[in-house]
Amino acid sequence: MIDEKPSRELEPSPPPPDVAIRLQSIELRYGEKIVLSDCSLDCIRGHTTCIIGLSGAGKSTILRVANGLRRPTRGCVFTLGSELSRLPETEILEIRKRIGFAFQYNALFDSMTVADNVAFPLYELTDLEDDEINERVKSALESVGLDGEGDRLPGELSGGMQKRAGFARAIVNEPEIIMFDEPTTGLDPIMTNIITETIKNIQHKLKVTCLVISHDLPSVFAIADEIALLFEGTIIEYGSVSKVRQSPNPIVQQFLQGSDVGPIPV
Ligand SMILES: Nc1ncnc2c1ncn2[C@@H]1O[C@H](COP(=O)(O)OP(=O)(O)OP(=O)(O)O)[C@@H](O)[C@H]1O
Ligand SMILES: [Mg+2]
């Protein structure tokens, strides 16, 4: 029989101030399907944590749990100093305003200019005057190398530029955390490098906590302070780039080498 005790059975262990996000023994199910199980992860404030793992492993789900879009079936989530599972939806919304999100698919509004797309969260979430909004949009577009492109429509931009427009929208509200879901998927190697550099620039300029999901290992090695490898619902390896690359765990090594021989079922 499935044990359906509520998530509060776990003793919450709030993180120290230098941890922006803590997932503590998370379980998350979609219906009967358990996607995350005893999944724990700390994302250090001001660092870039990259989550890697097989397709369908639950990486995007980790972001949804960390920003309160999904409530775990067990475990505790601490984001920006609050335990999300204790908060009502209205307060979770307040926390989410402090998080920028660059989606796996750009999710730009096709009929709105790039500048209006980038300004959208400011109109939605703030009472800023138009002048201030225009300044912030200009600065966000500069940060991603799209100065002067604000009047164009998304359909007129290349895939890489659309990605960067999505980044500009994610940073325009000056968030404390930025989540990037597969920022380089579907891009050519040159644009992949440009996007990788753009993320490094954002990180450096805004000194913000970044959470990045990526399948692109060179890009991960270039931007990560910490790497977390998600496998079968749990983080099986975590640490600096060199620590993870030197991991003795055969699952980690098989994943990093992209080999079809090893303990990972293919
Ligand atoms: N809303 C949902 N309802 C039911 N199942 C879902 C839902 N969202 C995701 N899943 C399933 O949960 C699993 C994890 O999904 P998730 O999108 O988190 O994986 P991922 O690691 O981000 O995958 P990818 O690398 O393909 O983006 C997948 O098997 C997916 O089909
Ligand atoms: Mg995903």
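## Terms and model

A nonpolar core is a set of buried Ala, Val, Leu, Ile, Met, Phe, Trp, Tyr and Cys residues joined through C-beta atoms within 7 Å. A residue is called buried if 20 or more other C-beta atoms lie within 10 Å of its own, exposed if 12 or fewer do, and partly exposed in between, with the C-beta atoms placed from the backbone.

The model is predicted, and local features need pLDDT of at least 70, side-chain atom pairs count only at pLDDT 80 or more, and totals for chains, interfaces and linings use all residues. Residues are numbered from 1 along each chain as its sequence is written, while chains are lettered from A and ligands numbered from 1 in the order in which they are written.

## The largest nonpolar core

The largest nonpolar core has 67 residues, and the members that touch the most others are Val118, Ala168, Ile178, Met179, Leu211 and Leu229. Helix H5 (residues 159-171) gives the most to this core, namely six residues. Helices (H or I, at least four residues) and strands (E, at least two) are DSSP runs, numbered from the N terminus.

Methionine 179 touches Leu63, Asn67, Ile99, Phe101, Ala102 and Leu211, when residues up to four places away in sequence are not counted. Two residues are in contact if their C-beta atoms, placed from the backbone, lie within 7 Å.

## The six-stranded sheet

Six strands form an open sheet with mixed pairing, in the order E6-E7-E8-E3-E9-E10. Its edge strands are E6 and E10 (234-239), each of which pairs on one side only. From one strand to the next, the twist averages 15°. Axes are lines fitted to C-alpha atoms, for helices over the stretch in contact, and angles run from 0 to 180 degrees between N-to-C directions. Two strands pair if DSSP finds at least two bridges between them. Strands of a sheet pair through backbone hydrogen bonds, either parallel or antiparallel.

Strand E6 (residues 99-102) and strand E7 (residues 177-181) are joined in the parallel sense by four bridges, with alanine 102 opposite phenylalanine 180 in E7. E7 also pairs in the parallel sense with strand E8 (residues 209-213), over five bridges, and here aspartate 181 stands opposite isoleucine 213. At the other end of the strand order, strand E9 (residues 226-231) and E10 run antiparallel and are joined by five bridges. The bridge partner of leucine 229 in E10 is glutamate 237. Helix H5 lies across E6 and E7, and runs at about 170° to E6.

## Burial in E6 and E7

In a regular strand the side chains alternate between the two faces of the sheet. In E6, Ile99 and Phe101 point one way and Gly100 and Ala102 the other way, and all are buried. In E7, Ile177, Met179 and Asp181 are on one side and Ile178 and Phe180 on the other, and all are buried. Because five of the five residues of E7 are buried, this strand is largely enclosed by the rest of the structure.

Phenylalanine 180 counts as buried because it has 27 C-beta neighbours inside 10 Å. Leaving aside neighbours within four places in sequence, phenylalanine 180 is in contact with Ala102, Ile199, Cys210, Val212 and Ile213. Phenylalanine 180 and glycine 166 are 14 residues apart in sequence, and their C-alpha atoms are 9.7 Å apart.

## The four-stranded sheet

Another open sheet has four strands in the order E2-E1-E4-E5, with antiparallel pairing. Strand E2 (33-44) and strand E5 (82-83) stand at the edges with a single partner strand each, so one side of each is left without a neighbour in the sheet. Helix H1 packs on this sheet, touching E1, E2 and E4, and its direction makes about 115° with that of E1.

Strand E1 (residues 19-30) and strand E4 (residues 74-79) run antiparallel and are joined by five bridges. Arginine 22 is in E1, opposite phenylalanine 78 in E4. Arginine 22 is buried because 21 other C-beta atoms lie within 10 Å. Leaving aside neighbours within four places in sequence, its contacts are Pro15, Asp42 and Phe78. The C-alpha atoms of arginine 22 and cysteine 76 are separated by 8.0 Å, although the two are 54 residues apart along the chain.

## Around ligand 1

The residues around ligand 1 are Tyr30, Val35, Gly53, Ser55, Gly56, Ala57, Gly58, Lys59, Ser60 and Thr61. A residue is near a molecule if its C-beta atom, placed from the backbone, lies within 6 Å of it. Helix H1 (residues 59-66) supplies the largest share of this shell, three residues.

By type, the shell divides into three nonpolar, six polar and one charged. Here Ala, Val, Leu, Ile, Met, Phe, Trp, Tyr, Cys and Pro count as nonpolar, Asp, Glu, Lys and Arg as charged, and the others, Gly among them, as polar.
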